[in-house]
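Colleague: I have a model open and want to learn how to read it. Where do we start?

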There are 2 protein chains.
Amino acid sequence: MTISRGPQAFPRTEYLRRLAAVKLEMGHRGIDALVVNNPRNITYLTGYTARSAYVPQALLVSMHKEEPTFVLRLMDAPAAIHQTWLDRGNVIGYPEGLIGNSEMDGFDAVIDSICELGLADRGLGLEFGDLSMRTAEKFKSRLPKASLVDFTNAVAWIRTVKSDFEISIMREAAAIADAGIIRAAEVIAPGMREADVMAEITATLARGANGKPGTDIANVFFCSSPRIGTCHIRWSDDIIRPDSQINLELGGVRHGYVAAIMRTFSLGAPSDRLRRLHEAELAGLEVALGTVRPGATCGDVAKAFNRTIERHGFTKESRCGYAIGIDWTEPTASLREGDMTELKPNMTFHLMLGNWIDEDFGYVVSETFRVTSSGAEVLTSAPRKLFEL
Amino acid sequence: MTISRGPQAFPRTEYLRRLAAVKLEMGHRGIDALVVNNPRNITYLTGYTARSAYVPQALLVSMHKEEPTFVLRLMDAPAAIHQTWLDRGNVIGYPEGLIGNSEMDGFDAVIDSICELGLADRGLGLEFGDLSMRTAEKFKSRLPKASLVDFTNAVAWIRTVKSDFEISIMREAAAIADAGIIRAAEVIAPGMREADVMAEITATLARGANGKPGTDIANVFFCSSPRIGTCHIRWSDDIIRPDSQINLELGGVRHGYVAAIMRTFSLGAPSDRLRRLHEAELAGLEVALGTVRPGATCGDVAKAFNRTIERHGFTKESRCGYAIGIDWTEPTASLREGDMTELKPNMTFHLMLGNWIDEDFGYVVSETFRVTSSGAEVLTSAPRKLFEL
C-alpha cells in the first residue's frame, strides 16, 4: 500500500548542509519560514525531479523544524516520498479538487499548511519572481498578519557554489553531453533527415555514458543552414544538404543536474569567414579559461574573451555564459563585462560562446567548467574543433 | 545577411482568423492592445516554436494594426523572422544588455514598444496569471496612464476549438504518439535498462510517422515497479525486472501541437487486481467516448466514466482529462464532474484515465480525441490493451 524511499543521489547530510545555508540566509533576513516555489530550488533542497511544477506546489522551510514540509498535488505525493530524503509525514498531498478549479488552487493548500505550522503571523519569505501576480495576491490577502519578504533567487545564489557531490554528478552529466556530440559527428551526413540525426542524439543522451544513464533529455537545439543565425530552435523537417552548416547545443542530465556543450559542424569545407571566426573563438575560449581563478570576477572572464576576439576582428553581442547546475541556466552570475560576481572554487559555468553575427550567420562552441582552487577544470571534453564532415 | 521566411505550418489566413477572434474578445473587454506573454499563445498567434521563453518576450496585438509586433531577445529575432508569418518589420529584437541585468530586463523593451505604438494611455490587456508579480508591478509603474485589464487564459479559451488545419497537424502528432507506444511494446523486456528503452522511444518520437518527423520531444513519463503509483517521473537507472509493471505516458509533437497517449505494460501475467482495473477503465473509456457530442458538457463525460468504474468497484480521484493542443495541457476545460464547459466540434481532449489508486499501485490508459459534429473521433490508435510482455 505504501511506496518505499528510492535510491538517493545525495546523502541526507548533503541536504542538511544545503538547508543550513538557506536557514542562515533566512536568519539574516529575519524570517521564520520560507515558501520555496521555484522547482529548481525544490530539487536542490529535496532531490525531487518529477515534472509536476505545472500545477501549484511549494516546499515550506521553517526555522523551527529540521525538515521542510513539501505540499504538492496528491497524485505527485508518492513521487515525493520515493525521490526525496523527507520523512513521509512531511509530504502533504492536496486534493485533486484543487486542479482545474477556478475558485481555489494548490496554493490555498500551501497557505493552509503555513497556518497549521503556526507561521501565519510570522516573517515569511516568498519567491515573488517565480510567483504569478494572482498567487502573490492570494498570499497577501490570506496571510494579512504575515510580514512577507522577497526571497527571489536567494536559494539560487546559494546553489552557485557546488559541493564535491554535486561536481561528481555534473561530471557524469558532462560525459553524457560529450557522447551526444560524438554521436552527432558520427551520424550527421548529407541526405540524412535532421529528425533522424536527432533520434540518434536523443537516444545517446538517454543511454548516457560510462554506465550512467541520462536521467532526462534536456534542451537540444539543432540549427542548420539557412538557420545558423538562430539559436533556440529544435530542428526542422529538412534533409541535411551538402555544403551546409549545423550549430548544435545539447546537455547531459543526471538527477536534475545539467552539463552543456555546443559544437559547429561543417558539411564540406568551411568558408573562410567561418574558419576565421572559429579560430578567433577558440583563441578567446583559451584566454577566458586562463582567466578563471578564485577572486577573479565573471566580468574579467568575459572581458578576456571579448578583447581576444576583437583582435581577430570579431565581436560578440551576447554574454559569454552563465552559472549552470540544476535544469541548466542559473539566474545568478553571468559571464558578461561588468558582472562583479567573484569566482569561488566549485562554481560551475557554461562558457557559452555561441556567436550569432548576422541573421544568417553564426558559429557555436562552448564548454561547461568548474572553478578550482587555482584555475578552471573543463568538465566537457568532446573534441574542441570545427567538425568537418 | 538576412534570414528568409521558412516553411509555414499554416497559411496566413489561418493566423488572421485566430487574430480576428482575439481582437473580437479584446473589443468585448474594451481594450486597445494586448500583451501576449504566454508562450503557447504566442505560438498560436505566430507559429513561433523556438524555446526562448526563459527570458522576457511578448507579442503586442493592437486593435489599430493588422499584424502584431513581436518583441523578443535580439538573438532570437532571426528565429521569429524565419518561423512566423509576421513581416520582419514587426519583429523587434531587444539588446543583450537586458539579459542577466538586475536593473532592467526585456519587459522594459516591451513597455518601450507599447509607448512607441502610442498605446501607453489606452486599455491594455495583460496575462497576469503568466506574469510574475515583479513584472506586473513594472507594467503598472511604467504605464501609469494605461488601464490594465486581466486577459489571463482568454487566448487559451479561443484555442480550445481547433480549425481543420490544426486537427490535421494533431493527427500527425497522434500517429507519432502511437509509434512511440508500439516501439515501447517492441523493446520493453526484462533485463533491459529503462534508459535503453527510453532511447528507443525518444528516437521514435523524433523520427515520427508517415514521413512526418516529430518536431520536438514532449514529456515522457516511464513509471515502473515499484513506482507505478507515481505519474510524473521520467525514468530511473533501474533494469527492467520480470513480473513488474510499467505505466507509460508520452506525446507526439508537430509544430508545437501535441497528441498524448498512455498505456500500461505488464511483464509476465498481470495480477488479478490489475486486470480488473484494466477492464473497468476500458469499459469507462468506451462509455466516456460514447457520451461525447456537441452540447454535452465536460462534466457529463467525467460522470459517465466515474459511474462506470464505480460499478466495477473502483474510483478515480483525479480528473478524467483536459483540453489539449499546443504544448500539451490547455488551462481551460477539464473533464471533471461539475465542469460545465459545453463540447463543440473540433475541441480536442486528452481523455486521461491514469488512476493511481495506492501509493504503490496505478494503471494508465488514455486517448486524444476530437469532438465531431455527432460524437468523438479518437486521434490516437495504438492497440487499446494491457500489453502483456
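Modeller: Start with the core. A nonpolar core is a set of buried Ala, Val, Leu, Ile, Met, Phe, Trp, Tyr and Cys residues joined through C-beta atoms within 7 Å. Keep in mind that this is a predicted model.

Colleague: How many residues does the largest nonpolar core have, and which have the most contacts inside it?

Modeller: The largest nonpolar core has 254 residues. A173(A) and A173(B) have the most contacts inside it. Beyond its neighbours within four places in sequence, A173(A) is in contact with G252(A), V253(A), R254(A), Y257(A), V258(A) and A259(A).

Colleague: Take V258(B). Is it buried or exposed?

Modeller: The cut-off for buried is 20 or more other C-beta atoms within 10 Å. V258(B) is buried because 26 other C-beta atoms lie within 10 Å. V258(B) sits in strand 9 of chain B, residues 257–266. Outside four places in sequence, its contacts include A173(B), A218(B), I324(B) and W328(B). Now compare sequence with space: V258(B) and D238(B) are 20 residues apart in sequence and 28 Å apart in space, C-alpha to C-alpha.

Colleague: Next, sheets. What is the general idea?

Modeller: Strands of a sheet pair through backbone hydrogen bonds, either parallel or antiparallel. Here, chain A has an open sheet of six strands in the order 4-3-2-1-5-6, with mixed pairing. Strand 4 (91–94) and strand 6 (147–150) of chain A are the edges, each pairing on one side only. On average, neighbouring strands of this sheet are turned by 20° against each other, direction ignored.

Colleague: How many bridges join strand 5 of chain A to strand 6 of chain A?

Modeller: Four bridges join them, and the two strands run parallel. L124(A) stands opposite L148(A) in strand 6 of chain A. Helix 4 of chain A, residues 106–116, packs on the sheet and touches strands 1, 2, 3 and 4 of chain A. The direction of helix 4 makes about 155° with that of strand 3 of chain A.

Colleague: And the interface?

Modeller: The size of an interface is often given as the accessible area lost when the parts come together. Here we count residues. The contact takes 64 residues from chain B and 64 residues from chain A. Helix 8 of chain B gives the most to the side of chain B that touches chain A, with nine residues. That side has 26 nonpolar, 18 polar and 20 charged residues.

Colleague: What confidence does the predictor give?

Modeller: The complex gets an ipTM of 0.97 and a pTM of 0.97. Chain A averages a pLDDT of 97, and 100% of its residues score at least 70.

Conventions:
Residues are numbered from 1 along each chain as its sequence is written. Chains are lettered from A and ligands numbered from 1 in the order in which they are written. This is a predicted model: local features need pLDDT of at least 70, side-chain atom pairs count only at pLDDT 80 or more; totals for chains, interfaces and linings use all residues. pLDDT is the predictor's confidence in each residue, from 0 to 100. Two residues are in contact if their C-beta atoms, placed from the backbone, lie within 7 Å. Ala, Val, Leu, Ile, Met, Phe, Trp, Tyr, Cys and Pro count as nonpolar, Asp, Glu, Lys and Arg as charged, and the others, Gly among them, as polar. A residue is buried if 20 or more other C-beta atoms lie within 10 Å of its own, exposed if 12 or fewer, and partly exposed in between; C-beta atoms are placed from the backbone. Two strands pair if DSSP finds at least two bridges between them. Axes are lines fitted to C-alpha atoms, for helices over the stretch in contact, and angles run from 0 to 180 degrees between N-to-C directions.
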